Amino acid sequence: MAMPEVSELVQCDGRNYTHGRGGHAVDHVVVHYTGTDASAHNNLLYFSRNAARASAHYFVDRDGTLRQSVPESDTAWHAGKFAMNQRSVGIECVSAGEDFTEEQVATLAALVQDLMARYGIPASSVIRHYDVTGKECPAPYLDPDKWEVLHDRITGGSTAPAAKAQWVQKGDGRWWYRHADGSYTAGDWELVGGKWYLFDADGWMLTGWQRKDGHWYLLGPDGAMLTGWQRVDGKWYFLDDSGAMATGWRMVGDKWYFMDENGSMTQGWQRDGGKWYWLNADGSMSADEVKMIGGAFYGFDSSGAMLSHSIGLAER
């Protein structure tokens, strides 16, 4: 694939890059995103006028236009590690966090494949900034599956636009999640965009209370699984990190709470295992203290159990 035309070259300020490569050969390409809406042209101007202590060789605008800031023969400061900077060409794609446009991908692919051919760089050495330092760059392609698709396209593994997984809504308002290959999850959970969703046997996204594998889960109006304290119809419920509704005793933070068999947080007196416990107005258990309840004093040991010598025991 031929090297795309460089439409503009604005020399980077000498305070932002190193002349030469210290005798190192180029053997990597590092892909970045700018993290702002500023155009590639404006990025070139910024790095040419300011002591940013950073730079990149190329910038690809949303319309696919290619611009250059640092000659390939020099070391741009882009990857976070100087040793990698000396061995790599850094390419910034204009994006505030959204996926690269088709025009950007086409230009990026032409540039990357030309660099691979000229420097003998294998596809495995076309990497993200994230792969060098762990920085979340390029943010739209931190997900390994998304990066794999983009990587295949820009290194020549695939030239066809990749199908995208996406939410699809039916006319009656129900939603399902279509995978890139057209398939969908049915009767199970799926992690989408960092949130868990549950789908029925026909693949429709569920909301509200749902029972799965012996546990109750609460799904928000948008279908996303909820965790932590949730108030429903005037009652409090606690959902653990897996989303499962808690029953019985549960420590949350440094306090104990008791949820009844329906998962509702209880207050007041609670008898369990032949012992009495007191749950405060916020549901937390009293422990290692004396409290006045209903005009009488009651003592509670460190486990929360009411002491047998408590004043007021007879009234119970």
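Trainee: Which side chain does Arg250 meet in a salt bridge?
Mentor: That of Asp240, with N and O 3.9 Å apart. Arg250 is in strand E17 (residues 248–252) and Asp240 in the loop between strand E16 (235–239) and E17, so the contact ties together parts ten residues apart in sequence. Arg250 is partly exposed, at 24% relative accessible area.

Trainee: What cut-offs go with all that?
Mentor: A salt bridge needs a side-chain nitrogen of Lys or Arg within 4 Å of a carboxyl oxygen of Asp or Glu. Helices (H or I, at least four residues) and strands (E, at least two) are DSSP runs numbered from the N terminus. For accessibility, under 20% relative accessible area is buried, over 50% is exposed and in between is partly exposed, with a 1.4 Å probe and protein chains only. Bear in mind that this is a predicted model: local features need pLDDT of at least 70, side-chain atom pairs count only at pLDDT 80 or more, and totals for chains, interfaces and linings use all residues. Residues are numbered from 1 along each chain as its sequence is written, and side-chain values use heavy atoms, leaving out hydrogens and water.

Trainee: Got it. How many salt bridges does a search of the whole structure find?
Mentor: It turns up 13. One of them pairs Glu8 with Arg67 at 2.5 Å, N to O.

Trainee: What about Glu102, which residue does it form a salt bridge with?
Mentor: Arg153, and their closest N and O atoms are 2.9 Å apart. Here two helices are linked: Glu102 belongs to H3 (residues 102–119) and Arg153 to H5 (residues 144–155), 51 residues apart. Glu102 is partly exposed at 41% relative accessibility, whereas Arg153 is buried at 12%.

Trainee: Switching to rings. How many aromatic pairs does the structure hold?
Mentor: There are 17. Among them, Trp167 and Phe199 are stacked, at 5.9 Å centre to centre and 25 degrees between the planes. Trp167 is in strand E9 (residues 166–169) and Phe199 in the loop between strand E12 (195–198) and strand E13 (208–212), 32 residues apart.

Trainee: What makes two rings a pair?
Mentor: Rings of Phe, Tyr and Trp (its six-membered ring) pair if their centres lie within 6.5 Å; planes under 30 degrees apart are stacked, over 60 edge-to-face, the rest tilted.

Trainee: Back to that pair: is Phe199 buried or exposed?
Mentor: Phe199 is buried, at 2% relative accessibility. Trp167 is partly exposed at 27%.

Trainee: Which residues form one aromatic cluster?
Mentor: Trp269, Trp276, Trp278, Tyr298 and Phe300 do.

Trainee: And which ring does the charged end of Arg174 sit over?
Mentor: The ring of Trp204, 4.0 Å from its centre. Lys146 has its charged end over Tyr141, at 5.2 Å. The test asks for NZ of Lys or CZ of Arg within 6 Å of the ring centre and within 35 degrees of the ring normal.

Trainee: New topic, strands. How many bridges join E13 to E14?
Mentor: Five, and E13 runs antiparallel to E14 (residues 215–219). DSSP has to find at least two bridges for strands to pair. Lys212 stands opposite His215 in E14. The hairpin has two residues between the strands, and Asp213 there takes a positive phi near 50 degrees.

Trainee: Where does Asp233 lie?
Mentor: In the loop between strand E15 (228–232) and E16. Asp233 also has a positive phi, near 50 degrees, in a residue other than glycine, and Asp233 is exposed at 77% relative accessible area.

Trainee: Last one: which residues does a cis peptide bond join?
Mentor: Cys137 and Pro138, with omega about -5 degrees. Pro138 is in the loop between helix H4 (129–133) and H5.
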